[in-house]
Amino acid sequence: MHTDPPWSVWMQLTAVAWWQARSSVHPMTCPNHPTHPPLTPFYDGEQVRLCCVACEYQQATIPEPVMRAFIAQHLEDIGDVEDADLATVYQPRRSR
Ligand SMILES: [Zn+2]
């Protein structure tokens, strides 16, 4: 059982898709071969993974800079929230 991620699944999927579509940064790519397409975000029911559609490569970690860039770009009111607060701020809402 993994610990709760600090970012919601929706946010991770959206952030990765946004990052991969930006023209100003190099997209995250498969380390196995330079001709493979940019990695695709995939939710396996437990966590978001980055997958290569051309081979078996997967990584289970979304790079922190990707999430931070997404937050900075889209959620202006985050301001200077301390790192320790991010998990609280971005916990997905739980239905009761
Ligand atoms: Zn690949």
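View A. Helices (H or I, at least four residues) and strands (E, at least two) are DSSP runs, numbered from the N terminus. The model is predicted, and local features need pLDDT of at least 70, side-chain atom pairs count only at pLDDT 80 or more, while totals for chains, interfaces and linings use all residues. Residue numbers start from 1 along each chain, as its sequence is written.

**View B. The buried face of helix α1.** Met11, Gln12, Ala15, Val16 and Trp19 are the buried residues of α1. Seen down the helix axis, these buried residues fall within an arc of 125 degrees, so they line one face of α1; the arc is that of the directions from the helix axis to the C-beta atoms. An α-helix has 3.6 residues a turn, so residues three or four places apart point the same way. The cover over the buried residues of α1 includes β1, β2 and α2 (64-74), where contact means that C-beta atoms, placed from the backbone, lie within 7 Å.

**View C. Helix α1 against the strands.** Helix α1, residues 9-21, lies across β1 and β2 and runs at about 165 degrees to β1; axes are lines fitted to C-alpha atoms, for helices over the stretch in contact, and angles run from 0 to 180 degrees between N-to-C directions. In β2, Val48 and Leu50 belong to the covered face, whereas Arg49 and Cys51 belong to the uncovered one. In a regular strand the side chains alternate between the two faces of the sheet.

View D. The 3 strands form an open, antiparallel sheet in the order β1-β2-β3, and two strands are said to pair if DSSP finds at least two bridges between them. Because β1 (40-43) and β3 (58-59) stand at the edges with a single partner strand each, one side of each is left without a neighbour in the sheet. Between β1 and β2 there are 4 bridges, and Pro41 has Leu50 of β2 as its bridge partner. These two strands form a hairpin with 4 residues between them, and Gly45 in the turn has a positive phi of about 100 degrees.

Key
Contact = placed C-beta atoms within 7 Å. Buried ≥ 20, exposed ≤ 12 C-beta atoms within 10 Å, placed from the backbone.
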